[in-house]
Amino acid sequence: MSEARAPTLAQDHFSALQNARAEVNRVIVDKPEVVDFAFTALLAGGHLLIEDLPGVGKTTLAHAMSITLGGNWQRVQFTNDMLPADIVGVSVFKRDDSSFEFRPGPVFANVVLADEINRATPRTQSALLEAMAEGQVTVDGQTHPLPQPFFVIATQNPLDLAGTYPLPDSQLDRFLLRTRIGYPSAAEERRLLTEPDRRTFLADMQPCLDPDTVLALIDQASRLHVSEPVLDYIQALIAATRSHAAIRVGLSPRAGLALIRTARAHAFLNQDSFCAPESVKTVFPGLAAHRLQVQPESGLGSQEIIDEILTSTAIP
Amino acid sequence: MNLTSPASAVYWTLIALTITASPHLMAMPPWLGGLFLVMVAWRWLAASRSWSAPPTALRLFISLILLILVFVASGGHWSRRAATTLLCMMMAAKLMEMFQPRDLRLVAALCFFMMTAQFLFNERLVYLFYLGLGAWTATMALVSIQRLESTPLQQPDRPWQGKLIDQSRQAAGMLVLALPVAALLFVLFPRLAQPLWGLPQQSMDGRTGLSDELTAGSIANLFLDDRPAFRVEFPDGQPPPVDARYWRGPVLTELDGSTWRRSQFADASSPLPEARVGSEFEHRIQLEPHERRWLFALDHPRSGPEDSRLTTTRELLARNPITALTQYDAWSVNAPFGPQTLPASARAYYLALPEGRNPRTRDFANELRQSFPDDDAGLAAHVLEWFREEPFRYSLATAPLGRHNADEFLFDLRDGYCEYYASAFAILMRAANIPSRVVLGYMGGDWQEGGQYLLVRQSDAHAWTELWIDDAGWVRVDPTAAVSPERIDYGARGAIREPRHALDNEWLRNLRNRLDRAQHTWNRWILGFDAARQQRMLERLGLPRGTHTTLAVIMVIALALVTLALALLLWRRDRQPPRSAAERAWRMLLSRLGRRGMVKKPGETPREFAHRIQTDLAAGNNEFRQLAELYSRVHYGPPHAELAQDFIDTARRFKP
C-alpha cells in the first residue's frame, strides 16, 4: 500500500470495500471476475451492462451489489408499454395547494437494476440513458438531481429478439462496461443445487458500505497514479482500434478517458498502489467490445478482434 | 576530462587520431613521432582550457617546418613510408585549425584513411584489432561532433542522452550495420591479379631473414627469432617424415675468404631434370615476406608456380622479391636428381678453395684421400663418423673464427651451430677433391594439429651441404645430423635446451602456436582470397564468370539489396528509446532471457511474462518473478529513485 492511503479513514474505507466484495462473491459463486467488473464500474463512477441469458444470476448480482453498498435500490422491469415517466417520475397536480408535486420514479436510487432494458421502446430507453449520462432528471422544466452515488446495472437478453429494441450503438456508449456472466462450472453448479436458495444468502447480507464511503472510494480511485508508459499503452490500444482493418469505427476520445478511469478503478480494487498495464488489459475487452463497430464482412467478432489487438499491441 | 562535455568532440577526435596514427608513428623516426604527440597534447590542452586557434601566419609557419622535417626524415627518398609520414604530420598541422565542427569532421573522417594506409604495409591478423578500435573511436568522434552540432535541439526530458555508454553503443551499432556492406565489398569488389603497389619496397621494417651469405653466427642469430618464415599445407593432410623436412633456399657455391657466397650467375634457369626419381610431394606454401626472391620448397624442388623458375643449383626463384604474403604450390621429389655428369669446368668450380688457408684441413683431407682412394661416398661417411666420435658439440656458441676458419673449428673449437659444421665440412670435402656446396634453408617445422599445417619459424633456419657423388649426382649430407641427431628429430629448439630468452617457456610457446593458427586461418581465407578464388566462388554461386564490369554490376546490385534490407531492419527496429535507466536494465534483462529462448511477447506485461517463463527457469527460481514485480512498481508506479536503483542492481546480478 502506498503512503497516499496512510490515513486510517481511507484504510477503513478500503477494507470496507474488500468486505463488500467478499460478501458479493459469497452470493455469486465462481464468478469473481464478473463481481470485479461490477465493483470496477462502480468505482469508476460508471454503469454496468450485463448481457446474458435469463437465470444466470444477473438479478442476484445486482441485488447483492445494492444490499452491500448500503444505499437504497430499485428494480425496473422494462416492458414495451413503458413510458419515460415510469422511469424518471412524474409531476402530479396537488389539489390542496394548487401546485405540482414531483413524484420521483424508480431511477431515484443509489443502485438501479434495469432488467431487460431492450424490451422497452427507444424513447423509454433514452430516458434512462439520459439520466445515467447527466446524473439528473428534468421533468416539466424542473431539474432534479439523482442521488449520489448513482449506479445502474442493466441487463439485456441477446437471444430473445422478438419484440425487442436492441440498444443502438451510440447509446451503448453510456455503459462503462459490458460483461457476460456465463454458466457456472460443474462443481459450482452442484453447490448451487445443493445449498439453500441464493435468496436466503441475500437476506443474510449486511451492508458493508454506505453512499458517502462509496463516494470517497470513487474519489480515491480517481487519483491513482497512471505512469507515462501506461498512458502510452492506452493510447496505443485506442490507436489500434482505429487503424484495424476489421473495425469500422474505433474508440472515441471519450472511450479513452473511460479506459483510464476504469483501469484506475480496477487497480484500486486490486490493492495496487498504481495503475499497472494488467488492469488496462483486464478491463479493455469489457470496455471496448460494445463500443466498436465491426465490419460485418470481416467475419470476425468484436471479442476476437479485441484479443488480437491485446496480443499485438506492445506494452511499453 | 569529461568525455561527454561539448569539448568531448575534440577529445574523441584526438583519441581516434592517435590510435589510427599509432602504427605510422612507430615506423617513423622517434623525434618526428614525438612531435606529432606534442601537437595532439597541445590541442587537448587547448580544448580543456578553451584556447583559441593560433594566428594564420604561425599556422603556416609551423606547417612549413613540419613539411621540411618530413623531407629531412625521409632523406629525400620518396617511399610509401615517407608518404604516410607526410600524411601524419599534415594531420598534426591540421589540428591547429581544427576549431570548427567542419574541421573536426574532416579529421575524424581522415582517421579512416589513416587506417587504410596502414594496410599497405601489413595485413596481419593483429591489425584487425587496430582496425576495430580505430574505426570505433573515429565513429565515436563523429557521433560526438554530431551531438555537439545538435546541442540546442537536445531534448531536456531525456537526461540519459549524453551518457558515454549510449554514445559508444551508438557508434558500435553503426559499425555493426556497416559490417554486411564491408563483407559484401570484400567478396565482390573486383580484384586485380597483380598487387596495386608492386614496387619492391622495404616491407619488413628492418627485420632480418635468411641471407645469401654464410658467416659465423648468421644463422645462430635467427635462432632467437620465433616469427613464422612460412607455413606449408599438404594435399593429403600428412606432413613428410621429420628427417625429410629440409626446405631448400639459396645455394652457396663460392668460398670467399671465410664467407660462403651465392654465385653471381646462379640466376640462370635450368631445364627440368628429365628423370623422375622417388616419389613426388605436392605442397602449398604461404611465404611471409622476406625481401628476397627465394621461394622455399621441400628438398628437392622439381617445379614451382607459373612465374617462378628453377636455377642450375635447384633454387626456386620468384620473378620479384617477396614483399607481401605469397601463396604458391610447389612439387618436390624426395631423392637426388638422376645421375648426370658434372662438366670439368663445373667440377673445378665446385672444388675451388682460397689459397693459403686451412693447411691442417688440407692435410687431414689428404690423409683421408689416401685411406679412400676412389670412394668419395665412403670418405664422406668416414668424416661423419669422425664428427660423431670426436667431442664435437652442437650449441649456439658463435666464436669468431680467423683466417683458417675450418682448421680452427675442426681441430680446436669443435663447438658451434649448424653453419660451422656445414661450412667446415664443405671445405674439408673440397680439400679432399669432392665437389661440394652449402645449402641454406629451414629444417623441421611444427605440425599444427588444429590447423593441419606445418609452421616453419625463422628459428628453424639451417645450413647443410651437398656433395657431388659420381653416378648419384648432388647428394644432401647434413653434418649437423651426425653431431646432433636431436636437431633433426626435435628441431633446433629441442636440440639446444638452454632457454633462449626470458619469455621462452612452454605456456607462451603454446599460446604462440595457437595465435599462429588464427593467423594461418586469416591468411588462408582473408588474405588468400584473390582474383582466382573470387572467380571460383562466383562460379560456384552460379553467377556468370566475367570481366570486372560484370563483377561491378553484381556488386552494385548486391549492395543496393543489402542497403535496402538494412534500411528495412532499421525502420522495423525504430522503437522508442528507453524512458529510464530502469527500462534499459529491463530491456537488457529481456534480451539476456531472449538469448536463452525466453522471449517476451509484445502484449505481455512484465508480471505475465515472469509467470509464463517460471517453468523454464531453474527450479525454485522465484527471483525473476520478484524482479518483474519490482520492475512493475518502478516502471508503472510513482517515481521512486531508491526502488529504481534497487531494481537496476538486482537485474544486473540476476543470472537466468
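This is a predicted model: local features need pLDDT of at least 70, side-chain atom pairs count only at pLDDT 80 or more; totals for chains, interfaces and linings use all residues.

User: Why are H1(B) and H5(B) called roughly parallel?

Analyst: Helix H1 (residues 8–27) and helix H5 (residues 101–118) of chain B pack at about 20°, with axes 9 Å apart. Axes are lines fitted to C-alpha atoms, for helices over the stretch in contact, and angles run from 0 to 180 degrees between N-to-C directions. Helices are DSSP runs of H or I with at least four residues, numbered from the N terminus. Angles under 35 degrees count as roughly parallel, over 145 as roughly antiparallel, 65 to 115 as roughly perpendicular and the rest as oblique. H1(B) and H5(B) are therefore roughly parallel.

User: What makes H11(B) and H12(B) roughly perpendicular?

Analyst: The axes of H11 (residues 405–413) and H12 (residues 418–431) of chain B come within 9 Å and cross at roughly 110°. The pair is therefore roughly perpendicular. The contact (heavy atoms within 4.5 Å) includes B:Phe409 of H11(B) and B:Tyr420 of H12(B).

User: Why are H11(A) and H12(A) described as oblique?

Analyst: H11 (residues 253–269) and H12 (residues 277–288) of chain A pack at about 130°, with axes 9 Å apart. H11(A) and H12(A) are therefore oblique to each other. Among the residues in contact are A:Leu259 of H11(A) and A:Phe284 of H12(A).

User: What makes B:Glu608 and A:Lys281 a salt bridge?

Analyst: The closest N and O atoms of B:Glu608 and A:Lys281 are 2.7 Å apart. The term requires a side-chain nitrogen of Lys or Arg within 4 Å of a carboxyl oxygen of Asp or Glu, so the pair qualifies. The rule finds three salt bridges across the interface of chain B and chain A.

User: How much area do chain B and chain A bury between them?

Analyst: Chain B and chain A bury about 1,400 Å², 55% of it on carbon and sulfur atoms. Buried area is the accessible area (1.4 Å probe) that two parts lose on being put together, summed over both. In chain B, B:Arg579, B:Arg607 and B:Tyr636 lose the most area to chain A, together 41% of what that side buries. The contact takes 17 residues from chain B and 21 residues from chain A.

How values were computed:
Residues are numbered from 1 along each chain as its sequence is written. Chains are lettered from A and ligands numbered from 1 in the order in which they are written. Side-chain values use heavy atoms; hydrogens and water are left out. Helices (H or I, at least four residues) and strands (E, at least two) are DSSP runs, numbered from the N terminus.
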